[in-house]
Structures are given as structure tokens and as C-alpha cells.
Amino acid sequence: MTAPSLSLQDAVLTYPDGDHTLTALDRVSLDVAPGELVAVVGPSGSGKSSLLAVAATLRRPDTGRVVVAGRDTGAMGAKERTALRRERIGIVFQQPNLLPSLTAEEQVLAVAHLRGASVRAARARAAELLESVGLDAAKRRRRPHQLSGGERQRVNIARALFGGPAVLLVDEPTSALDHERGERVVELLAEVTRRHRTATVLVTHDRGLLGRADRVLTMRDGRLG
Ligand code: ADP
Ligand code: MG
């Protein structure tokens, strides 16, 4: 079997909760291979976003291991973890957090500047990625308020792919969309997963969208099964 691009091993995450602690992740283990789309479903408050935060190295688990692209993130300092996140992890949040004043192409390029890529190469790559998620030349010049919710989510996905991530983490991308648009975004994520060979984790509460996933796991009270 191919080595997983993302591996969580017995991850435990707690939050302080008055005099107690709340266990958001209860010994969660998960391996995702390159080119595999894993869907995680579960009720609100079951720990889905916590799972993504830990996988994204945005939160350190209390115990357990998080291995991204073969690298154990537990031993890393903050700087090293930030670099790994920037280079190897694509994150798509629920609400496309796009900057209102930038065009679709500039949203993707804004990430490029952080990376110090050459402007011309970055522009070509941004255009190609936006094209591949279904935004033509005219739409690439629009600002977020001139795009539909589904199109904004496409920009968000193109931006997450810019660095060539090994791991793609997607949190309820369809919650602001109607069912049909939501379905098309999930189809796009399935395509992107194959084409870019990302290990993709898609969190959703919409069971109707699970047909495109390679595996469906359920989160309940911090346990993944
Ligand atoms: P989901 O995404 O499935 O709705 P979350 O991972 O957001 O679930 O939350 C899991 C549990 O952790 C919930 O009980 C939630 O209230 C709690 N929680 C989430 N984030 C925090 C936080 N920053 N501080 C304290 N408790 C939190
Ligand atoms: Mg959530």
C-alpha cells in the first residue's frame, strides 16, 4: 500500500470547560493515501472541525501523533510547522474567506507572494488552476461580490491547491450552497483529489453528497468510526 500523506495516530484533543475538560477528539486514528477522498460526517459538535484543526497542525493534540507527508509534526517548532502547513497542506474553510478588494486571480496570487514565487510563473499557475476549477478568463477578473457562492468556493479551492499540497482539508464547503451547487463542488473536490493526488478529508453534514467519497467515516462524541 502507498504510504499515507496524512496519518493521525491516537490523537486526543481536549478543551478546558469550566472545572472540567471537554474531549473533542478521543483517540482518533486516520490514514489517508495520496489521491484518496475521505468524507467525515457527524452531528454538530461531534469534533469534525477539531479533527481538521489537528490535521492542519493549527492545533497540537494533547497526545498522539500527526504525520504529514511522512513528517512527524509533534517534534517541530512553530516556525517549521508553519512552513510545513504552507507547503504541504491546503485548507478550505466553510465560508470562503476571500479578500473583498481582490479579483479571483489576485486571491490565488496573494498566496504566491508569500511564497516568493516569480510573478509570471505564479500568474500562469493561478490562471491554470482557476481554469481547472471552472472559472474562465472573464470570471478570473471578478471580485468576490461579483461571483456566486459556488464560484467563490471554487476560488477557495484553487487557492488551497496553489502550493501543490499533499493534504487537502475541507470543512463543510457546501453549507452556504444549494444542493445542486454543493454536489458540483464535491464533484470538483473528487476530481481535484485524483488529478493532484491529494489526501483529501472532506467534512460535511450533508449525507446526500457522499457518493463521490472513497470512504465515509462517522464522527460521534469525538470518536471516529
Ligand atoms: P463540529 O465541527 O463537529 O461541529 P467541533 O470540532 O467544532 O465540532 O467541536 C467539538 C466540541 O469541542 C464541541 O463540544 C465544541 O463546543 C467544542 N469546542 C470546539 N472548539 C472549541 C474551543 N475553541 N474552545 C472550547 N471548546 C471548543
Ligand atoms: Mg465544524
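Predicted model: local features only at pLDDT ≥ 70, side-chain atom pairs only at ≥ 80, totals over all residues.
## The shell around ligand 1

Residues are numbered from 1 along each chain as its sequence is written, chains are lettered from A and ligands numbered from 1 in the order in which they are written, and side-chain values use heavy atoms, with hydrogens and water left out.

Who are the neighbours? Ligand 1 is surrounded by residues including Tyr15, Leu22, Pro43, Lys48 and Arg59, where near means a heavy atom within 4 Å. The largest share of this shell, 3 residues, comes from α1, and both β2 (20–32) and α1 (48–55) supply at least two residues. Helices (H or I, at least four residues) and strands (E, at least two) are DSSP runs, numbered from the N terminus.

Two backbones reach oxygen atoms of ligand 1: a backbone N or O atom of Gly47 at 3.1 Å, and one of Ser46 at 3.2 Å. The protein covers 63% of the 560 Å² of accessible area that ligand 1 has on its own (Shrake-Rupley method, 1.4 Å probe).

## A charge over a ring

The charged end of Arg125 sits over the ring of Phe162, 5.7 Å from its centre; this requires CZ of Arg within 6 Å of the ring centre and within 35 degrees of the ring normal.

Notes: Polar contact = N/O pair within 3.5 Å; in protein donor to acceptor, adjacent residues only side chain to side chain.
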